[in-house]
Structures are given as C-alpha cells and as structure tokens.
Amino acid sequence: MSLLSTLNIGRSGLQSSSVGIEVTSHNVANASTDGFHRRSIERSLPASRRIAGGATVGQGVSIGRIRRASDQLLGMRWIEANGESARSGAASSGLSTVETYFNETNQEGVNQVLEAFFDALSRASADPSDLGHRQTLNRAGLNLGSTVSRTAENLVDAISDFESSNESATVSVNRLLADLANVNESINQSGDAIGAGDMLDKRDNLAQQISSLTGATISYTDNGLATLYVSGHAVVSGVEYREMSTGQDANGDQTIRIETSGGFVDVTSVVGGEIGGTQEAAEKATEYLADLDTFAGDFAIAVNAQHALGFDLTGTAGGDVFSFTVGSEARSLEFSSSIYDDPKQWAFGGTATSGVGDNTNLQALIDVESSQLFSSGTQTSGQFLGSLLSTVASDTARASTDASQLAAHNSDLEGLMKSLTSVDLDQEATSLIEFQAAYQASAKVIRAADELLQSLMAVI
Amino acid sequence: MSVVRSSQSYLFDLVRSESSSLGMEVNKLKQQAITGRKINKPSDAPASMGKIVRLREEGANQEVYKDNATWAQSIIGTADTLLGDASGLLKRVQEIAVAMSNDTYSAEDRAAAALEIDAIRNDLLRLSNSELGDRYLFAGSSFDVPAFDSTGTYVGDSDEPEILIGDDNWVQAGWDGSAVFQGNVDSFQVLSDLSVVLNANQPANVRLLLGDVNTALEQAIAAHQDVGWAYAKTDDALVLAEHLEVDLTQHLSSLVDADPAEAYLRLEEAQMAYSAALQVAAGGMSMGLFEHI
C-alpha cells in the first residue's frame with residue numbers, strides 16, 4: 001500500500017465531489033433560466049497502478065467533462081414547431097383583431113346598415129312624398145356610407161399596424177441574427193467545457209427566438225455551430241449572417257426580404273413565425289378590404305344609376321346618392337350631402353310630371369336589393385356582404401383552431417425537451433447530498449492516510 | 001405525451017399554460033352567461049353566420065312589411081267605407097230614378113227628387129275628395145291635391161300608388177278617381193243630367209237615364225269589391241309577416257341565444273376545474289426535497 005497514493009486518491013475524490021457540488025449549484029442557480037440545459041459531471045478512472053505481484057490498484061477518480069443534457073434531433077423539431085406555433089398564433093391574434101370590425105353579433109355592422117337602408121326604402125313606399133320617410137332614408141344612407149367607410153378605415157389601420165409590427169420584427173431578427181453569428185464564433189473559439197455549454201444554451205435560445213419570429217429551421221455543424229434557414233435560405237452560417245428587411249410590391253403591399261450580396265430574395269409568401277403569421281393576417285385584411293371596395297363601388301354605381309332614372313318632388317332628375325373615389329371606394333363612400341340637406345331630392349317618381357305619390361322609381365330602387373350585382377351576377381349586395389362576413393368568421397375560426405393545435409404540439413415538444421434538459425430540483429438535491437457525502441468520505445480517507453503516515457513517522 | 005423527468009421549469013410552464021387556458025374558458029362561459037348569447041363573435045359559429053345574417057334581414061323585412069301593411073290597411077279600409085257609402089248613395093239614386101220615371105208622379109214630386117239628387121251629387125263629390133291624413137284617396141299618385149274640382153272634373157292622375165307589404169308583394173293604396181267614378185259613365189254628369197230632367201218634369205228622359213244610373217251604381221260596386229280584395233290581401237300579408245317574424249325570431253334565438261341553465265352549469269363546472277387546477281398546482285409546487293435537507 002502506498003500511503004502517498006492513498007492521499008492522492010482522497011484528493012481526487014475531494015476534487016471530483018467539489019466540482020460535482022459546483023455543477024449542481026450551477027444547475028440549481030439556473031433552474032428558472034430560459035433555455036438552460038442541466039449539466040452533469042462525467043467522471044472517469046485514471047490509469048491503475050501495478051503493484052508487486054502483478055495486481056493493479058485503482059488511482060481514484062478524474063473528471064472527464066461536464067455534460068450538457070441535450071437531444072439535438074428533438075431540439076431541431078422543437079425549433080421548427082415553435083416557428084409554426086408562433087406563425088399560427090400571430091395569424092390568429094391578427095385575424096381576431098380584424099374580426100372585431102365585422103362583429104355583427106353585438107354591434108351594428110355593414111350587413112345591418114345595408115339592410116336598414118333597404119328597409120327605409122321599403123318604408124318610403126307607404127308614402128313616397130312623406131318627408132319623415134325621406135329623412136329616415138337619409139339617416140340610413142348616411143349610416144351606410146359612414147359604417148362602410150369606418151370599417152374600411154379600420155382595416156387600413158390594421159394593415160398598417162401589421163406592417164409596422166413586421167418592420168419592428170425584422171429589426172429584432174437582425175439583432176438576433178448578429179448575436180447568433182457571434183455566439184457561433186464564441187463556440188468555435190471556446191475550449192472550456194462549462195463555458196461552451198453556456199454558449200450552446202445561448203445558441204439554442206437565440207435560434208428559438210429567431211424561429212419564433214421567422215419560422216427559421218436549424219442544422220448544426222460537427223463542432224456545434226448553428227446554421228439557420230428562413231424559408232430554405234441560409235440567414236446564419238458560421239460567423240456570417242444575412243439581414244432581413246421589409247419592402248413594397250407593385251401594389252404597395254409590404255414584402256419580406258432577405259438581403260443578399262446581389263440584392264434580395266423575396267420570402268413574403270413563405271416566411272413563417274410571427275412575421276409570417278402577421279403577414280397572413282395583413283393579406284387577409286387586404287382581401288377583405290378589396291371585397292369591401294368592390295361592394296362600395298358596385299353598390300353605389302347601381303343605386304346612382306337607378307336613382308338617375310327617377311324624378312324628385314320638384315320634377316328634377318335624380319342626382320348621385322353615393323359618391324366614392326376610385327381605388328379607395330369603401331373608405332371614401334359618402335352619402336350625398338345635397339340629398340341629406342333636402343330630402344325632396346330623392347327621385348322616386350317615374351316622370352318629371354309624376355304625382356307626389358308616384359313610386360315607380362322607388363320600386364326600382366328597392367329592386368336593387370334583389371339584383372345580383374356581385375360575383376359575376378350570382379350574388380345580391382346582401383349575399384355578397386354576408387359571404388364576406390362568413391369568410392372573416394371562418395378564417396378567424398380556422399386560424400384559432402390551427403393556433404391551438406400547433407401550440408399544443410409545440411407545448412408537447414417543449415415538455416419533452418424540458419423533461420430531458422431542464423433542472424429537476426429533487427434530482428439536484430439528491431446529487432448535492434451524494435456529492436456532500438462523497439466529499440466527507442474522501443476527507444476521511446485523507447485523514448486516515450494522514451494518521452497512518454503519522455504512525456509510521458512515529459516509529460522512525 | 002410521456003414525460004421522462006419532471007423538471008421545475010416544465011411544471012411551472014404547465015401550470016402557466018393550463019391555468020391560462022382554463023381561465024380563458026371560464027371567461028368565455030362568463031361572457032355567455034352575462035350576455036345570454038352563445039355566439040359573441042362571428043368566429044364562434046362561422047358556419048351559422050351567413051344564416052344569422054339572412055334571418056336578421058328577413059326579420060327586419062317582416063317588421064317593415066307589418067308596418068306598411070297596417071298603414072295600407074288604414075288607407076284601404078277608409079276607401080272601402082267610402083266606396084260602400086258611394087254605392088249606397090247611387091243605390092238611392094237608382095231608387096229615385098226608377099220611381100220618378102213613373103208617370104204618376106207630379107212635377108212637384110220630381111222637383112223635390114231633383115233637390116235630393118243634387119244633395120247626393122254633392123255628397124258623392126265630397127266623398128270622392130276624401131282624404132286620410134293629407135292623402136286624397138282617389139287622386140291617383142297626385143294625392144296631395146283633391147281628386148275632383150267643384151264641377152266634378154278630375155284633376156288627379158291615372159297612376160295608382162302601391163305599397164310594399166311582402167317580398168315582391170305590392171298592394172294598391174290609392175285610386176284613379178276618374179276610373180272609379182267616371183270610368184264607364186261619369187257619375188257626376190249622370191246625376192247632373194238626372195237633376196235637369198227631374199226639374200223639367202220629363203219622366204221619359206228620366207227613363208232614358210236609367211241605364212246610366214245603373215252603370216254608375218255597378219262601377220261603384222265593382223270598385224268597392226276591388227278594394228275589398230285589396231283589404232283581404234293586406235290581411236293575408238299581416239298574418240304572414242307576423243308568423244314569419246315569430247318563426248324567424250325563434251330560429252335566430254336557437255342559433256344565437258344561450259340556454260341560461262346550461263350556460264350557468266357549464267360555468268360552474270369550468271370554475272370548479274379552474275379552482276381545482278390552481279389548488280393542485282399550488283400544492284405540487286410547494287413540495288421538494290430541498291425542504292427537507
């Protein structure tokens with residue numbers, strides 16, 4: 001027996017337990033740190049010593065490396081699911097906002113004011129000369145114009161908000177891309193076990209954040225560097241990264257781009273994450289606005305054309321009931337102030353010399369309600385707006401269902417990932433007891449060796 | 001999913017997301033219980049939204065049809081009474097004309113009869129210029145002016161205004177007085193002519209006018225019948241609109257309104273689940289080995 005060797009074995013035990021306590025403390029301290037992967041100490045046996053007679057005796061313990069709990073494949077799937085969940089969540093949130101402008105379950109919407117307008121026309125048939133009926137019709141017309149216009153304004157504001165949000169998001173993405181490229185560089189240069197582990201945590205955390213914003217997917221090089229792809233285009237590769245930006249297409253709609261050395265790649269239709277979801281909500285809102293413009297323009301043209309065929313109470317041919325600007329029909333839809341100021345100008349009569357009760361043209365105006373003016377002559381104005389409302393409702397409901405399902409999938413993967421990688425305090429408490437006991441035992445081994453050495457020294 | 005290890009951050013995340021989703025469910029049910037509606041936004045029932053909009057439109061239409069039919073009924077009812085009176089007056093004229101065509105009556109008798117005919121003519125003229133509110137019923141669509149002037153000349157127009165009382169269902173609510181009183185024969189002229197021959201004590205000429213008197217009576221009776229049909233049409237329209245309104249309201253209610261008892265029970269259930277989840281989470285999170293070392 002070599003007493004000095006025993007002392008060394010005791011020392012290796014002390015050292016190993018001490019590092020174990022240090023690693024456990026690091027785990028406990030980071031139990032709530034986002035993206036932290038628990039560490040564990042990996043120990044190994046140093047070379048044995050051969051003693052007289054050919055037998056070998058162990059030489060204690062040496063610290064191999066600090067292992068970072070991870071599952072690369074699961075991590076890649078989680079990052080992907082996180083991007084999809086963020087995309088559907090942002091689309092759902094955006095469309096829920098848009099839906100409020102069409103919420104006719106508890107407030108007046110475009111369908112109701114259109115119906116009120118035709119109701120007022122029908123009521124006027126009771127006495128076409130009655131100024132009370134004409135004023136009621138004026139109020140209905142004014143309300144129709146302002147409600148359509150307000151709904152369109154709300155949509156335009158929502159689209160603008162979505163675009164601003166994506167503009168800010170691309171700024172955040174660019175900062176994160178730069179950070180990830182820096183982390184890649186640090187990983188490349190680092191040789192320190194715990195330090196590299198921290199960098200890997202940062203790497204995965206940044207990848208998650210970028211994926212949340214863009215739906216990016218990730219792959220890893222052999223030495224742990226992350227390569228990040230947005231819609232198949234590499235945005236981070238090693239220490240290099242490409243910035244993202246927003247632009248405008250020929251229609252003035254926002255586009256999402258990845259900058260390249262020769263210009264940019266347009267990824268508007270394929271980008272994921274929050275940017276993609278917000279982009280989807282903006283596209284839907286733009287479609288709804290286009291439908292509202294179609295309604296406003298075609299409806300106003302039909303009503304004006306029919307009104308022009310009639311004659312008012314003074315025998316004058318009917319003027320325009322609604323006005324609008326081409327290109328922003330819904331936003332600019334406005335009821336005639338001239339008719340509003342003088343309700344006698346409603347042209348219900350069929351001829352210039354008609355009696356005050358002649359409602360020939362009023363009947364034709366009422367018939368506009370059942371005229372199939374929309375969707376290639378297959379829908380009335382009410383059916384067209386009803387379809388728009390149904391589309392808004394089903395788009396929002398579908399986005400909400402998608403968001404719930406993808407959030408649940410993401411949550412499952414997150415749970416699975418965290419069950420493998422995050423800190424279990426009970427487990428750490430057990431490790432702490434284990435390392436503490438081992439430390440105390442190693443200390444006792446050293447004391448025993450010391451006492452033996454003292455005894456030996458006393459003999460000499 | 002199977003969880004291999006239970007980590008603190010996973011546990012906290014789970015509590016966070018589950019309590020959040022249970023809390024949202026409780027809020028949604030509270031909203032239903034408070035508003036009494038199970039559909040509070042279009043996406044709550046996308047498949048029903050088109051139907052809800054159509055039902056509301058139809059319901060609003062029935063309101064208008066009911067109001068219009070009620071108003072039309074007032075006009076037509078008044079016209080019905082007036083034409084009934086006109087028929088009665090012309091019936092009396094017929095009786096006088098038949099009696100006075102008999103040679104047994106004296107010149108004084110015929111002069112007295114002429115006075116009665118003149119009075120009837122005035123009554124008939126006043127009746128044909130009757131109005132409901134400011135609306136002259138027999139002036140066609142020029143109903144803001146009396147239908148006939150004092151000489152019995154028609155000054156209205158031939159357009160007969162209609163009121164919408166149902167889907168593509170219009171009812172006439174104004175009449176061309178010249179057709180009603182002067183269509184086949186000019187009733188006022190017949191009465192004037194009759195007065196003249198009575199005053200002239202000419203029974204033979206009275207006999208010659210009997211045919212026109214009969215025609216005047218028949219055209220008044222025919223107009224009265226037409227108005228009766230129009231009244232029946234408004235009755236039918238009112239009944240239909242009232243039935244449709246009830247049916248549409250019930251249908252709409254079945255789609256939109258929440259059953260109060262069901263909404264309350266579901267809210268209670270969700271609140272209990274929420275409360276239980278919070279208690280379990282709080283209890284689970286307070287446990288740990290570190291407490292014991």
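**Chat: the A–B interface**

Reply: The side chains of B:Asp67 and A:Arg123 meet in a salt bridge, 2.5 Å from N to O. The term needs a Lys or Arg side-chain nitrogen within 4 Å of an Asp or Glu carboxyl oxygen. This is a predicted model: local features need pLDDT of at least 70, side-chain atom pairs count only at pLDDT 80 or more, and totals for chains, interfaces and linings use all residues. Residues are numbered from 1 along each chain as its sequence is written, chains are lettered from A and ligands numbered from 1 in the order written, and side-chain values use heavy atoms, without hydrogens and water.

Me: How many salt bridges between chain A and chain B?

Reply: The count is 1.

Me: And which helices of chain A supply at least two residues each to the side that touches chain B?

Reply: H3 (110-124), H9 (360-367), H10 (381-421) and H11 (425-459). Helices are DSSP runs of H or I, at least four residues, numbered from the N terminus.

Me: Which gives the most?

Reply: H10(A), with 15 residues.

Me: How many residues are in contact?

Reply: 53 of chain A with 46 of chain B; contact means heavy atoms within 4.5 Å.

Me: What area do the chains bury?

Reply: About 4100 Å², 56% of it on carbon and sulfur atoms. That is accessible area (1.4 Å probe) lost on putting the two parts together, summed over both. In chain A, A:Thr105, A:Arg123 and A:Ser419 lose the most to chain B, together 14% of what that side buries.

Me: New topic. Where is B:Ala107?

Reply: In helix H3 (residues 107-128) of chain B. B:Pro203 is 96 residues away from B:Ala107 in sequence, but 9.6 Å away in space, C-alpha to C-alpha.
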